[in-house]
Amino acid sequence: MTLANESISGEFILLGFSDRPWLELPLFVVFLVSYILTIFGNMTIILVSRLDSKLHTPMYFFLTNLSLLDLCYTTSTVPQMLVNICSSRKVISYGGCVVQLFIFLALGCTECFLLGVMSFDRFVAICQPLHYSVIMHQRRCLQLAAACWISGFSNSLLQSTWTLQMPRCGHKKVDHFLCEIPALLKLSCVDTTTIEVELFLVSAIFLIIPVTLILISYTFIVQAVLRIRSAEGRRKAFGTCGSHLVVVVLFYGTAIYMYLQPPSPASKDRGKMVSLFYGIITPMLNPLIYTLRNKEVKGAFKRLVARVFLATK
């Protein structure tokens, strides 16, 4: 009880790359620029998807969910990182660490399932076009999105509780930029093999099931696209699905590397960089990937800008 009270009333020190002070200024610039671009890009997609009636489709409904998720995802970590880089005391309160761990993990798990649902949406649109409006009706889209969010937050509650219950015996130096499960487990003063196996199995389920769904969906999608006689139709289908596939590879590749590899001292700094990639860089790239390869989004953005310009006259 004494140890628990000590942890709750204390704070954690986020070491990050404090052993390399020459990296702090470049990292501050990268974090700040990435965060600004993430906010601008994802807010643009949300506004365009909501304000342009031509984008009121299941695909853009799920894309709006992804953009909202990415906004919250980066906001849960980047402001604290920027403050710590500028401060000589790189600390975070126990309560702040708990909230950051819970939200970061919840949104990451939610994105795992959301990307799987988005691949299913593309599968129905391309392989069952005549039944698309019947299968992907508004109520079903809301149910699928709600299931993603509920699953993500439920899993985060489970894994966060397991992690925070481990005794730390006064250890409070987190060798990371943020409060993340692998880094917090290293603070434990007891054997963590059992909980690591449990967390590995849960992470495997949350990563492998959506990846399997995505692979199956895209197998059928490729077969269906290759049967399209029109070259323009094939190009449009591959362009739409290609954007989603790039996002999938970026997110799942780094997440699988982080959570499904055996822990080793040699991978310490690589783990930090991988976390930065899927926690900061990927949310920044998502709007660029979807807009640069999508004529509908670019057209809607131009119409929105023209409407705002005319309204100011």
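The model is predicted, so local features need pLDDT of at least 70, side-chain atom pairs count only at pLDDT 80 or more, and totals for chains, interfaces and linings use all residues. Residues are numbered from 1 along each chain as its sequence is written, and side-chain values use heavy atoms, with hydrogens and water left out.

Confidence is given as pLDDT, the predictor's score for each residue from 0 to 100. The chain averages a pLDDT of 82. A score of at least 70 is reached by 90% of the residues. Over residues 1-9 the pLDDT is below 50. Beyond near neighbours in sequence, this stretch has 5 contacts in the model. Contact means heavy atoms within 4.5 Å.

Helices are DSSP runs (H or I, at least four residues), numbered from the N terminus. Their axes are lines fitted to C-alpha atoms over the stretch in contact, and angles run from 0 to 180 degrees between N-to-C directions. Angles under 35 degrees count as roughly parallel, over 145 as roughly antiparallel, 65 to 115 as roughly perpendicular and the rest as oblique. A crossing is left-handed if the near helix is turned anticlockwise from the far one by less than a right angle, and right-handed if clockwise.

Helix 7 spans residues 138-164. Helix 3 covers residues 58-75. The axes of these two helices come within 10 Å and cross at roughly 25°. That angle makes helix 3 roughly parallel to helix 7. The crossing of helix 3 past helix 7 is right-handed. On the helix 3 side, the contact involves Pro58, Phe61, Phe62, Asn65 and Leu69. Helix 7 contributes Cys141, Leu142, Leu144, Ala145 and Trp149. The residues of this contact divide into 9 nonpolar, 1 polar and no charged. Here Ala, Val, Leu, Ile, Met, Phe, Trp, Tyr, Cys and Pro count as nonpolar, Asp, Glu, Lys and Arg as charged, and the others, Gly among them, as polar.

Helix 7 also packs against helix 5 (residues 94-127). Their axes lie 7 Å apart, at an angle of about 140°. The two helices are therefore oblique to each other. Their crossing is right-handed. Residues of helix 5 in this contact include Tyr94, Val98, Leu101, Phe113 and Val117. Among their partners in helix 7 are Leu144, Cys148, Trp149, Gly152, Ser156 and Leu164. The contact of helix 5 with helix 7 divides into 17 nonpolar, 7 polar and no charged residues.

Two residues of helix 7 were examined individually. Ser156 lies in helix 7. Ser156 is buried (under 20% relative accessible area; exposed is over 50%, partly exposed in between; 1.4 Å probe, protein chains only). Its relative accessible area is 0%. Leaving aside neighbours within four places in sequence, Ser156 is in contact with Leu101, Phe102, Leu105, Ala106 and Thr161. Ala147 is also found in helix 7. Ala147 counts as partly exposed, at 39% relative accessibility. Its C-alpha atom is separated by 9.9 Å from that of Val117, 30 residues apart along the chain.

Helix 5 has a further contact, with helix 9 (residues 193-226). The two axes come within 9 Å and cross at roughly 20°. That makes helix 5 roughly parallel to helix 9. Helix 5 passes helix 9 in a left-handed crossing.

Asp52 lies in the loop between helix 2 (24-51) and helix 3. Asp52 is buried, with a relative accessible area of 6%. Not counting residues up to four places away in sequence, Asp52 touches Ala300 and Arg303. Ala255 lies in helix 10 (residues 231-259). At 6% relative accessibility, Ala255 is buried. Ser133 belongs to helix 6 (residues 132-135). Ser133 is exposed, with a relative accessible area of 57%. Ser133 and Lys272 are 139 residues apart along the chain, and their C-alpha atoms are separated by 43 Å.
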